[in-house]
Amino acid sequence: MTAALMRKAKMGLMPHPNELDRKRIERGLSARNRYLYVSPNVTPVRGGYLVESPCCSRNIDTDGALIDVALILYDAVSGIWKLFRKNHARGSWEFYSLYHRLPSAIDELNSDPERLFWQ
């Protein structure tokens, strides 16, 4: 009975977003390969974090306004991080990949070899 109660209590916790991981993502983005001269914002959202940045290329927003770059969500059941990219033409989020560790997701976002995030 005690194990069942502990399992229920554990499942009810929302580990993300939290300020510690928000700051980890913010600091980690300083190692990105593209648009080093802008400061991205990391905003807490339900279950994870939204990464936004000014649009310096003017490809998405001709005025250089803040655009969505990535959505990083934590699946508490599986313990997996999910990385999404914004399809600006459709205005929707598209699944990109899964990661066992948050730093791995940040590294992929930083390298962006296909230029899917930092446009």
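Two strands count as paired if DSSP finds at least two bridges between them. With that in hand, here's a quick tour of this predicted model: a strand hairpin, some aromatic rings and a helix crossing.

**The hairpin**
- Strand β1 (residues 41-45) runs antiparallel to strand β2 (residues 48-54), and five bridges join the two.
- Across that pairing, Pro-44 sits opposite Tyr-49 in β2.
- β1 and β2 make a hairpin with two residues between them.
- Look at Gly-47 in the turn: its phi is positive, at about 85 degrees.

**The aromatic rings**
- You'll find four aromatic pairs in the structure.
- One of them joins Tyr-74 and Trp-81, whose ring centres are 4.8 Å apart and whose planes are 55 degrees apart, making the pair tilted.
- Tyr-74 has 25% relative accessibility, so it counts as partly exposed.

- Helix α2 (residues 19-28) and helix α3 (residues 102-111) have axes that come within 10 Å and cross at roughly 30 degrees.
- The crossing of α2 past α3 is right-handed.
- On the α2 side, Asp-21, Arg-24, Ile-25 and Gly-28 make the contact, while α3 brings Leu-102, Pro-103, Ile-106 and Asn-110.
- Sorted by class, the contact of α2 with α3 has four nonpolar residues, two polar ones and two charged ones.

Methods. Residues numbered from 1 in each chain as written. Predicted model: local features only at pLDDT ≥ 70, side-chain atom pairs only at ≥ 80, totals over all residues. Heavy atoms only, no water. Phe/Tyr/Trp six-rings, centres within 6.5 Å; stacked < 30°, edge-to-face > 60°. Buried < 20%, exposed > 50% of the residue type's maximum accessible area, 1.4 Å probe, protein only. Axes fitted to C-alpha atoms, helices over the stretch in contact; angles between N-to-C directions. Helix = DSSP H or I, 4+ residues; strand = E, 2+ residues; numbered from the N terminus. Left-handed = near helix turned anticlockwise from the far one by under 90°. Contact = heavy atoms within 4.5 Å. Nonpolar A, V, L, I, M, F, W, Y, C, P; charged D, E, K, R; others polar.
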